[in-house]
Amino acid sequence: MKEKILTIVSTVLLFVPWTILPLRSFEWALESPVAEIMISCYAAFMILGGAFTILSYVKGKAQNNWMKVCLVINCLYAAGGACALGLMATQNLH
């Protein structure tokens with residue numbers, strides 16, 4: 001039962017980062033302070049989602065085929081989120 005719950009949570013984590021697209025269609029979301037905050041929050045969420053999926057797979061023993069798909073996608077999201085935060089950090093240093 002625990003493995004199914006972990007798999008469901010990891011599956012939900014696949015779709016949450018895509019909710020930024022409808023939010024970015026608003027004009028207020030493209031202005032300077034809001035845009036950086038929104039991207040930072042989504043990047044942090046993607047990194048934490050990747051960490052959750054890795055821990056669920058390794059320590060939670062949720063090692064079914066769908067969890068492997070979730071693991072790959074959430075790790076790609078985590079890498080993209082880390083890159084986004086890294087780019088924002090280096091831009092603020094200049």
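Is I5 buried, partly exposed or exposed, and what is its relative accessibility? The legends below, which describe a predicted model, begin with this residue.

View 1. I5 is located in helix α1, which spans residues 2-15. Its relative accessibility is 45%, so I5 is classed as partly exposed, because that class lies between the buried limit of under 20% and the exposed limit of over 50%.

**View 2. The crossing of α1 and α3.** Helix α3 comprises residues 32-58, and its axis and that of α1 come within 10 Å, crossing at roughly 155°. The two helices are therefore roughly antiparallel, since angles over 145 degrees fall into that class. The crossing in which α1 passes α3 is left-handed.

**View 3. K61 in the loop between α3 and α4.** K61 belongs to the loop that lies between α3 and α4 (65-93). Although K61 is not a glycine, its phi is positive, at about 60°. The relative accessibility of K61 is 56%, and K61 therefore counts as exposed.

**View 4. Y77 in helix α4.** Helix α4 contains Y77. With a relative accessibility of 18%, Y77 counts as buried, because the limit for this class is under 20%. Between Y77 and E3 there is a separation of 74 residues in sequence, and their C-alpha atoms are 22 Å apart in space.

Terms used
Residues are numbered from 1 along each chain as its sequence is written. This is a predicted model: local features need pLDDT of at least 70, side-chain atom pairs count only at pLDDT 80 or more; totals for chains, interfaces and linings use all residues. Side-chain values use heavy atoms; hydrogens and water are left out. Helices (H or I, at least four residues) and strands (E, at least two) are DSSP runs, numbered from the N terminus. Buried means under 20% relative accessible area, exposed over 50%, partly exposed in between (1.4 Å probe, protein chains only). Axes are lines fitted to C-alpha atoms, for helices over the stretch in contact, and angles run from 0 to 180 degrees between N-to-C directions. Angles under 35 degrees count as roughly parallel, over 145 as roughly antiparallel, 65 to 115 as roughly perpendicular and the rest as oblique. A crossing is left-handed if the near helix is turned anticlockwise from the far one by less than a right angle, and right-handed if clockwise.
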